[in-house]
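Trainee: I am new to this structure and would like to learn how its terms are applied. Could we go through them together?
Mentor: Gladly; let us look at the model first.

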Amino acid sequence: MKQIKGYSKLAKEAKIEWLIDNYFEQPEKALQMLKSYWHLDSNIQKLHDEFIENTLTNFYIPYGVAPNFLINGKLFCLPLAIEESSVVAAAAKAAKFWVNRGGFKSSVISKTKIGHVHFIWSGKDTDRFIEFFENIKADLIESTNPITKNMRTRGGGILDIQLKNKTSEEPGYYQLEARFDTCDSMGANFINSLLEDFAQTLKHKIAESNLTDKDIQIVMCILSNYTPECLVRCEVSCPVQDLNDDDIEPTEFAKNFLRAVRIAEIEPYRAVTHNKGIMNGIDSVVLATGNDFRAVEACVHAYASRNGKYSSLTHAEVVDGIFRFWIDVPLSLGTVGGITTLHPMVKFSHELLGKPSAAELMEITAAAGLAQNFSALRSLVTTGIQKGHMKMHLLNILNQLEATEEEKSAIVEYFKDKVPTHYATVDIFCKLRGIKDLSEINLKN
Ligand code: MEV
């Protein structure tokens, strides 16, 4: 294999040719595969091509919806982009459960974003440096007026800048820590541009100052994806006796449910899986609405560790006979900017949700996370997780086995009152086909 120079400069066809010739035993088959995922509308394909570098084709994951989400008194049908079989079903099940029990109550606690200019100043007179900073604070803000103008008219902008002395952790290390309200945008580009402006102004002001040490090294200017002040709370509640459903004894269910939450609060091994289930719901909405799920993931897990030990994002209690289950989760989301007005399916999701503001999208997304956790815990403390999970995964197994539509229907019917396992599915498939085992058939995949 030869190293290639200037790959990104090649035309798309040449990129594909190089790739399939170098990495595939059957280049023609690989080419057909890539092309089969091209969009029929060349304008949409061009849009996709231009999202990233070296686009060759598109990578599909399923886009489903979960109806009946009653959030703050309004009914939503949530868009969920996810490959995991049982996630949409679990969301829809929780939505159905809570729609007649008051629904989800969601509220944004704060929407503040944070960014830093990380720099080194090795001067000795810290008190004078702090005084200098206080004197130039207004200039720092003023210097960014052209960039913040539009955001200020929308009610956002810079909220605050502070000088943070970090020299006890690293010699000479200081930060300009700034807080922002980015209105309906996620605001990454806005924040990063402002921080780079602050850094320039800081350098100039230091050069002009009467500080004895004027040597400053800007290390980097970057927003923080840790946004514990961009926080939303979502909760569901009902009298314990209303938890009756599917023959569940309400008091026993509430007791076991609270225990399951408690275990996730105190045991990091469980908390990670518990929170992963929450992120099944959150990531699906984040992806479907064109937001940055990597940023959300990074932030959420840091937040889950904020007290020094990784813990549950959700909590539950029973007080005076009322069951209450809630999540506090940092979600830095946008409904304008990025690909929100570009990607056709993202636009579709926003329309489906009634073109929410960023705050409303935070509220909706938190509900998806809480719903997912409710469904997971409900299964875990009652039937076990595999019943619902394998029911949804069954079609994946049957597709792997290249079962016909008739075989699929017969096997789905067979498992209606049983929990499917991989072994049992293969077994019933072989019996139905009249074969001893899978070695008797030639699977394509
Ligand atoms: C699977 O994707 C998610 C669960 O493991 C979450 C949980 O255990 O709470 C079911």
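Mentor: We begin with a definition: a salt bridge is a side-chain nitrogen of Lys or Arg within 4 Å of a carboxyl oxygen of Asp or Glu. By that rule, K164, E177, R179 and E229 are linked in a network of salt bridges. Please keep in mind that this is a predicted model, where local features need pLDDT of at least 70, side-chain atom pairs count only at pLDDT 80 or more, and totals for chains, interfaces and linings use all residues. Residues are numbered from 1 along each chain as its sequence is written, and side-chain values use heavy atoms, with hydrogens and water left out.

Trainee: What makes the pair E229 and R179 a salt bridge?
Mentor: Their side chains come to 2.8 Å, N to O. The limit is 4 Å, so the pair qualifies. The whole structure holds 22 salt bridges.

Trainee: Why is the contact of E208 with K205 called a salt bridge?
Mentor: The closest N and O atoms are 3.8 Å apart, and that value is within 4 Å, so the name applies. Both residues belong to helix α7 (residues 188-208), where a spacing of 3 residues separates them by about one helical turn. Helices here are DSSP runs of H or I with at least four residues, strands are runs of E with at least two, and both are numbered from the N terminus.

Trainee: Why is E208 called exposed, while K205 is called partly exposed?
Mentor: Buried means under 20% relative accessible area, exposed over 50%, and partly exposed in between, with a 1.4 Å probe and protein chains only. E208 has 60%, so E208 is exposed. K205 has 24%, so K205 is partly exposed.

Trainee: What makes D437 and K436 a salt bridge?
Mentor: The distance between their closest N and O atoms is 3.9 Å, and the limit is 4 Å, so the pair counts. D437 is partly exposed at 31%, whereas K436 is exposed at 69%.

Trainee: Which domains does the chain have?
Mentor: There are domain 1 (7-49), domain 2 (63-110 + 228-381), domain 3 (113-223) and domain 4 (388-440), with bounds from an automatic or database domain assignment. The contact between domain 2 and domain 3 takes 10 residues from domain 2 and 7 residues from domain 3; contact means heavy atoms within 4.5 Å.

Trainee: What is the area that domain 2 and domain 3 bury between them?
Mentor: About 710 Å², 56% of it on carbon and sulfur atoms. Buried area is the accessible area (1.4 Å probe) that two parts lose on being put together, summed over both. In domain 2, E229, S332 and V336 lose the most area to domain 3, together 52% of what that side buries. Across this interface the rule finds 1 salt bridge.
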